[in-house]
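Please keep the viewer open as you read.

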Amino acid sequence: MANIVYIATSIDGYIAKSDGGIDWLNEIPNTQGSDYGFGDFMSRIDGILMGRSTYEIVMDYEVWFYTKPVYVLSNSWTQLPGKWAHKAQLLKGDIVEVIDTLNQQGIINIYVDGGKVIQSLLAADKIDEMIITRVPIVLGSGIPLFTPDLPELKFEHTGTETYEGGLVKSSYVRINY
Ligand SMILES: NC(=O)c1ccc[n+]([C@@H]2O[C@H](COP(=O)([O-])OP(=O)(O)OC[C@H]3O[C@@H](n4cnc5c(N)ncnc54)[C@H](OP(=O)(O)O)[C@@H]3O)[C@@H](O)[C@H]2O)c1
């Protein structure tokens, strides 16, 4: 059972520009058509839990690239908007209880996505693994992956891979010592 972060950040730790833009991710050279290990990662997980704001970006994508069930967490929406609404399920409530419910439904290994969702789970010490790809750009401002109020949490580094475009993907698992 694991809640896993798989995310890209700028050198200065932002996951999106202040307006939510991720054009800087789409501009990275990729002449070999690498998926950066995303397919292998998707095969490991049972479902994706994303925040409402992340879905607001995803719902405008031309292609739905998730191969596992997607759950969107929002306590303000009553239904999912957009052309991909039929591909995802809206969930409400306390995030830890939502994860417990998903686990009971057989969604055991969960890809958690969205800055605030990740921060909520870090605050509750419910993140087991983080796979963070550092993109060689300083954005200066934006939506941060980590916020100053998070607790101290120790992780073990389990590997690093580099990709075209200067991407550095590092994996960490939560440990206590
Ligand atoms: N660089 C990358 O790899 C990457 C990956 C994913 C996302 N992004 C970007 O990150 C941005 C979205 O991140 P974000 O931090 O703004 O928001 P987010 O985590 O995607 O969504 C936050 C929203 O989720 C809902 N929510 C409900 N319960 C929650 C809880 N317990 N904790 C946290 N959220 C809860 C709330 O919406 P309600 O008010 O409706 O309840 C909240 O405003 C987008 O711009 C997206 O493109 C980048």
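## Strands and their pairing

Two strands pair if DSSP finds at least two bridges between them. Helices (H or I, at least four residues) and strands (E, at least two) are themselves DSSP runs, numbered from the N terminus. With that in hand, look at methionine 130: its bridge partner in E10 is tyrosine 172. Strand E7 (residues 129-135) and strand E10 (residues 167-174) run antiparallel and are joined by 6 bridges.

E10 also runs antiparallel to strand E9 (residues 155-163), with 8 bridges between them. Here glutamate 156 stands opposite valine 173. The hairpin of E9 and E10 has 3 residues between the strands, and glycine 165 in this hairpin takes a positive phi near 90 degrees.

## How to read the model

This is a predicted model: local features need pLDDT of at least 70, side-chain atom pairs count only at pLDDT 80 or more, and totals for chains, interfaces and linings use all residues. Residues are numbered from 1 along each chain as its sequence is written.

## Isoleucine 57

Isoleucine 57 sits in helix H3 (residues 52-58). Is this residue buried, exposed or partly exposed? Isoleucine 57 is partly exposed because 14 other C-beta atoms lie within 10 Å; buried takes 20 or more, exposed 12 or fewer, and partly exposed lies in between, with C-beta atoms placed from the backbone. Its C-alpha atom is separated by 7.7 Å from that of glycine 20, 37 residues apart along the chain.
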